[in-house]
Structures are given as structure tokens and as C-alpha cells.
Amino acid sequence: MKILIEFYCTRETDDAHAVLGRETAEAADLDDAIEIARVLAGTLNMPQRPDAMTIADANGATLYSGALATQAVNEGRPAS
């Protein structure tokens with residue numbers, strides 16, 4: 001299935017979302033889509049490290065929305 005992944009940061013004071021990146025991909029199922037998103041969160045060059053993501057299908061229906069573990073996102077990246 002074709003999926004759209006949005007990575008974003010959430011501001012705690014008012015729950016505002018700032019989208020940091022969007023990627024499309026092909027996934028076999030939801031578990032595969034989540035794994036693809038987690039890998040991309042650690043490898044994409046985004047202006048900030050995302051703290052959450054949303055995965056939608058080709059029709060725009062949200063399939064998954066959740067927080068990213070900081071350790072998994074930062075894994076493999078040099079400290080700045």
C-alpha cells in the first residue's frame with residue numbers, strides 16, 4: 001500500500017504541531033509502515049529531530065499516529 005509519513009514536533013504549551021518532513025513510501029502492512037517511518041526518522045535530514053509521526057494511506061485516512069522514542073530517532077546521528 002502507498003503511505004504518506006509526516007514527521008513533526010509538538011509544542012507542549014498548546015499542543016501545536018510543526019511539520020518537519022513528509023515522505024511517501026510503499027509498505028506491505030501497518031507494521032511495515034511503522035518500521036519504515038522509524039528508519040526514516042533516523043536517516044532523513046530534517047531541520048530538527050521529530051518527536052512524533054503520522055502515517056496516512058493514499059486516501060488521506062490516518063492509519064497511525066504516535067510519538068517517536070528519542071533514542072531511536074537519534075541513533076546513528078552524530079551529536080551536535
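Good morning. I begin with the contacts within the protein chain: among those between residues at least 6 apart in sequence, 53% join residues at least 24 apart. Please keep in mind that the structure shown here is a predicted model.

Let me turn to the overall layout. The protein chain contains 2 helices and 4 strands. The chain has 80 residues, and 31% of them count as buried. Its accessible surface comes to about 5,100 Å², with 49% of that area belonging to carbon and sulfur atoms.

Next, I would like to consider the opening pair of strands in that pattern. How do strands β1 and β2 run relative to each other, parallel or antiparallel? Strand β1, residues 2-10, and strand β2, residues 17-26, run antiparallel and are joined by 9 bridges. As one example of the pairing, L4 stands opposite T24 in β2. Together, β1 and β2 form a hairpin, with 6 residues between them. In the turn of this hairpin, D15 has a positive phi of about 65°. As a general point, the side chains of a regular strand alternate between the two faces of the sheet.

Finally, I come to the surface. Which residues form a nonpolar patch there? The patch consists of M1, L30 and L63, which together have about 220 Å² of accessible area. Of these residues, L30 is found in helix α1, which spans residues 30-43. L30 counts as partly exposed because its relative accessible area is 33%, a value between the 20% and 50% cut-offs.

Thank you for your attention.

Definitions and conventions:
Residues numbered from 1 in each chain as written. Predicted model: local features only at pLDDT ≥ 70, side-chain atom pairs only at ≥ 80, totals over all residues. Heavy atoms only, no water. Pairing = 2+ DSSP bridges. Buried < 20%, exposed > 50% of the residue type's maximum accessible area, 1.4 Å probe, protein only. Contact = heavy atoms within 4.5 Å. Areas by Shrake-Rupley, 256 points an atom, 1.4 Å probe, with all protein chains shown as cover. Patch = residues over 30% accessible without salt bridge, like charges linked within 9 Å, V, L, I, M, F, W, Y side chains within 5 Å. Salt bridge = Lys/Arg side-chain N within 4 Å of Asp/Glu carboxyl O.
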